Amino acid sequence: MELFRDTKFDFYGKKWIFLGLSVALLAVGMISLFIKGGPRYGIDFKGGAQVYVRFLGKPPINEIREAMSKRISGEINVQELTGDNEVIIGTELRDEKELESVRQTIVEVLESSFGGAKGKPDLNSVSADLLAEHLAIPLTRNGVNLGDEQRKALAAAIVKFRDENHSGLLSNVKELSGVAGVNEGVIKTLEEEFSLGKFSIRQIEVVGPKAGEDLRRQAILVTLYALGGMLVYIAFRFEWIYGVGAVIAVLHDVVVTVGFFSIFDKEISLTVIAALLTLVGYSVNDTIVIFDRIRENLKITRSEPFADTINTSVNQTLSRTVITSGLTFLACLALYLFGGDVLNGFAFALVCGIVIGSYSSIFIASPIVAFGKWMMESRRRTASGAVKGSR
Amino acid sequence: MKRSLQNRAIIIAAVTLLAIYGIIGLPKSPAELFANMQHNIRLGLDLKGGSHLVLQVQVQDAVKSEADQAIQRLREDLAKQNIKYASIDRNDPTTIAGADDVVITVKGIELNDAGNFRDVVGRNFPTWDMKSVSSSDYALQLKRTELIALKADTVERSLRTIEQRVNGLGLSEPIIQQHGRADAEYEILVQLPGVDDPARVKKIIGTAAVLEITDVKDGPFPTRQQALAQHGGLLPLGTKLVQERPSSGSGRENAAPFYLVSRVPVVTGRDLRNARSSRDEFGRWETSFTLTQDSAARFGRFTEANINNRLAVILDNQIVNVATIQSRIDDSGRITGLSGEQEASDLSLVLRAGSLPAGIVYLEERTVGPSLGADSIRSGIVAALAGLAMVVLAMVVYYKRAGVSATVVLLLNAVILMAILAYFGAVLTLPGIAGVILTIGMAVDSNVLIFERIREEIREGKSISAAIDIGFKKAFITILDTHVTTVISCAFLFMFGTGPVKGFAISLVIGLVANLFTAVYVSRWMFDLRLFRNRDLATLSI
């Protein structure tokens with residue numbers, strides 16, 4: 001099976017259309033960034049506290065807001081995540097000690113408002129150690145005699161089952177009946193002694209503003225260093241203008257992707273940075289494949305105009321570009337669809353990035369090299385013309 | 001040809017076996033296989049759940065307490081030498097940067113005592129620099145080198161104390177290490193995989209755990225004002241007012257009474273030999289402790305002389321217990337009034353580990369709950385399998401037999417990558433997976449490059465063996481260039497990046513090196529093998 005064979009598309013001839021498209025993409029992203037006052041950084045980069053909470057059933061957003069505002073002064077964001085009955089409760093921009101106490105208060109408010117019946121600990125938030133401690137006396141009373149070690153093992157098994165098989169939330173104590181060591185006496189004891197809260201804490205992130213700023217600065221610096229390193233190597237292996245072309249193409253990809261993040265109102269977090277780095281690697285890989293072909297073709301056909309060499313090279317590698325991008329796109333699409341919450345932002349960046357990365361290698365990097373060549377050529381011509389004229 | 005094929009087969013088999021061994025060990029049962037895999041491929045906190053904490057040691061606390069000790073000694077020395085002064089005080093900076101500005105100010109030294117005073121300071125306080133501020137006032141500041149050493153030592157001691165406390169919790173594979181630049185940031189990184197109660201651990205790490213047992217002079221008083229009024233508005237020399245700890249859950253913070261206690265404790269946390277949780281005769285949890293030999297003797301003498309007086313147990317400047325001395329107490333005591341087993345065992349844990357030399361502030365906390373961790377792993381595996389299945393299917397459809405060999409090579413690459421990560425003991429985090437994805441992308445790309453090149457050569461009418469040879473040679477140049485460029489950028493990421501970025505760089509570099517071996521060396525061997533078996537291959541399934 002072959003998709004492309006001896007294609008002769010005039011990519012270079014249509015460069016203005018695609019440069020225009022890129023400028024439009026960049027402009028749209030920039031405008032969105034400008035209107036929204038810069039990228040929407042996650043708390044990794046701006047500092048803040050976020051508690052991810054999953055509820056049994058639909059989260060009572062208004063109740064949560066009300067309960068939080070009673071105990072915490074200042075702004076508290078309660079944001080619902082689509083799908084899994086999850087909310088993010090968060091605050092931003094406070095100093096480290098304040099963040100720490102807000103984080104504690106959020107958890108306390110959740111416990112007191114949604115944490116099951118008063119006076120009975122919440123089986124959905126209890127830790128294995130505390131569960132073992134609470135069970136000691138009641139179990140014996142209900143005729144279940146276990147040694148300390150056995151009791152701890154039982155508590156650990158119950159908590160493990162709750163977290164791994166029920167995403168941390170039991171709706172009924174009887175759901176535990178399949179767990180090793182849980183018999184009727186244990187169920188009875190759990191029902192008597194514990195209540196079932198309606199929430200489970202999935203994730204907590206607290207980043208002080210100082211740490212956030214450091215991370216942001218470092219992420220940007222490190223990416224620039226890496227790009228610099230690439231530029232030098234490509235300049236060394238090809239010509240300096242190739243290095244410039246590759247780096248501009250990569251920058252283009254990063255800026256367009258960040259623009260997409262702004263348009264779709266997605267947060268830029270540390271994992272997204274990892275995805276952007278992946279995109280950089282991917283785009284440079286693509287660009288070098290085409291450059292390599294250009295270099296090879298230049299050796300064979302010295303007399304041909306450079307624009308034709310670019311077209312030949314892009315056409316020769318077209319099949320490879322489409323297949324590789326298609327395959328990686330499929331893999332990232334799978335990640336986006338099945339990867340879960342944690343991988344979502346990450347996969348989004350990759351899905352965007354692969355398309356843009358392949359596009360820019362053909363329509364940005366190569367024209368820049370051609371333009372640079374043309375500049376050098378015409379400068380040499382005027383220089384030699386000047387020499388002739390002075391004679 | 002045959003010989004070279006055999007040699008290459010041996011190398012490839014050896015690498016493959018070594019890689020598989022690195023991942024699964026030598027399992028005797030399927031259950032053991034899974035256990036070994038879980039043990040060898042270590043997942044990061046973001047994937048399997050746990051807490052990542054960055055805390056900052058408030059080094060200024062240590063400098064201030066060093067200054068307090070110096071003030072104490074200076075007062076004694078000046079009294080001995082009969083040098084009069086108006087006041088000795090220090091400032092109270094509250095930030096880390098302020099640690100360098102801690103100054104002791106001595107005011108009101110008379111002119112004819114000046115020489116004498118300089119002598120005392122010069123002789124007894126060699127670690128301090130003295131400047132005269134005016135004819136009667138002086139300022140003392142800790143010497144630069146001393147300051148640096150003190151701050152470094154404070155971080156070091158905090159680290160050791162936290163280490164002891166965390167180890168006492170019996171968590172599996174905690175990581176506790178210095179973080180950031182050691183000379184300027186005073187940060188400690190604590191990683192606790194699989195912890196299910198992060199709030200408790202944070203409390204255990206963060207409590208100062210300064211224990212004092214001291215005699216009660218007067219009290220209780222319902223408020224601070226009343227206590228002061230009782231003593232004519234001024235506290236007696238050598239005493240301080242301490243509030244009782246509000247009993248847990250009652251929320252009556254204002255109602256907790258005050259006691260007037262002696263400033264110098266009889267016993268401190270440093271005098272403890274051991275502490276453990278136990279139950280009293282009514283089954284209530286308490287923390288009992290034993291004293292070292294020296295302090296036991298001192299405590300025995302003190303209690304004997306003070307029968308019927310009261311003693312207070314003070315923890316972090318809050319009174320936990322007040323008890324009347326019934327008889328001479330030698331080497332043990334207990335702290336009662338605790339909420340339960342966990343508090344009793346946590347308290348004995350922090351007492352055993354000793355107090356922190358300075359306060360700490362949490363700069364960062366990232367906790368992934370165990371339920372999210374389990375879900376992430378599950379959806380990650382589903383996504384990886386789905387992605388792999390799609391890629392493999394597409395390759396086999398498009399490249400037929402060559403696609404099958406590309407699949408084998410791809411899987412081998414993934415196995416080698418995992419094995420090297422396992423051999424290095426590296427941890428696979430989310431950014432690390434980003435590196436693995438890019439690796440797989442580039443590995444697919446290497447195969448595609450080679451195959452497309454071979455197809456081109458065949459189209460130009462070259463023989464199968466020549467097409468394979470030239471295809472590999474030409475594609476190799478491109479593959480090398482793309483790989484070296486990426487490795488160079490990874491080197492920068494590794495040198496200048498923080499944790500997550502580093503994880504990305506490491507797994508990517510390992511993956512690329514493995515890919516050079518699999519996509520070029522192994523893949524070539526597979527093509528050569530097919531050629532060798534069928535010397536006059538007319539068409540290549542590619």
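This is a predicted model: local features need pLDDT of at least 70, side-chain atom pairs count only at pLDDT 80 or more; totals for chains, interfaces and linings use all residues.
1. Residues are numbered from 1 along each chain as its sequence is written, and chains are lettered from A and ligands numbered from 1 in the order in which they are written.

2. Chain B has a radius of gyration of 35 Å, whereas a compact globule of 542 residues would have one near 24 Å. The radius is taken over C-alpha atoms, and the globule rule is 2.2 Å times the number of residues to the power 0.38. Along the principal axes, the C-alpha atoms of chain B fill a box of roughly 110 × 65 × 40 Å.

3. Buried residues make up 39% of the 542 in chain B (buried: 20 or more other C-beta atoms within 10 Å of the residue's own, with C-beta atoms placed from the backbone). Of the contacts in chain B with a separation of 6 or more, 70% join residues 24 or more positions apart (contact: C-beta atoms, placed from the backbone, within 7 Å).

4. The largest nonpolar core has 216 residues, and A:Phe346 and A:Leu350 touch the most other members. Such a core is a set of buried Ala, Val, Leu, Ile, Met, Phe, Trp, Tyr and Cys residues joined through C-beta atoms within 7 Å. Not counting residues up to four places away in sequence, A:Phe346 touches A:Thr271, A:Val272, A:Ala274, A:Ala275, B:Leu430 and B:Ala434. A second, separate core of 20 residues includes A:Ala128, A:Leu131, A:Leu176 and A:Leu190.

5. Between the chains, 65 residues of chain B are in contact with 66 residues of chain A. Elements giving two or more residues to this side of chain B include helix 10 (341-353), strand 18 (360-368) and helix 12 (430-459). Helix 11 of chain B gives the most, with 17 residues. By class, the side of chain B that touches chain A has 38 nonpolar, 17 polar and 10 charged residues. Here Ala, Val, Leu, Ile, Met, Phe, Trp, Tyr, Cys and Pro count as nonpolar, Asp, Glu, Lys and Arg as charged, and the others, Gly among them, as polar.

Key. A residue is buried if 20 or more other C-beta atoms lie within 10 Å of its own, exposed if 12 or fewer, and partly exposed in between; C-beta atoms are placed from the backbone. Two residues are in contact if their C-beta atoms, placed from the backbone, lie within 7 Å. Helices (H or I, at least four residues) and strands (E, at least two) are DSSP runs, numbered from the N terminus.
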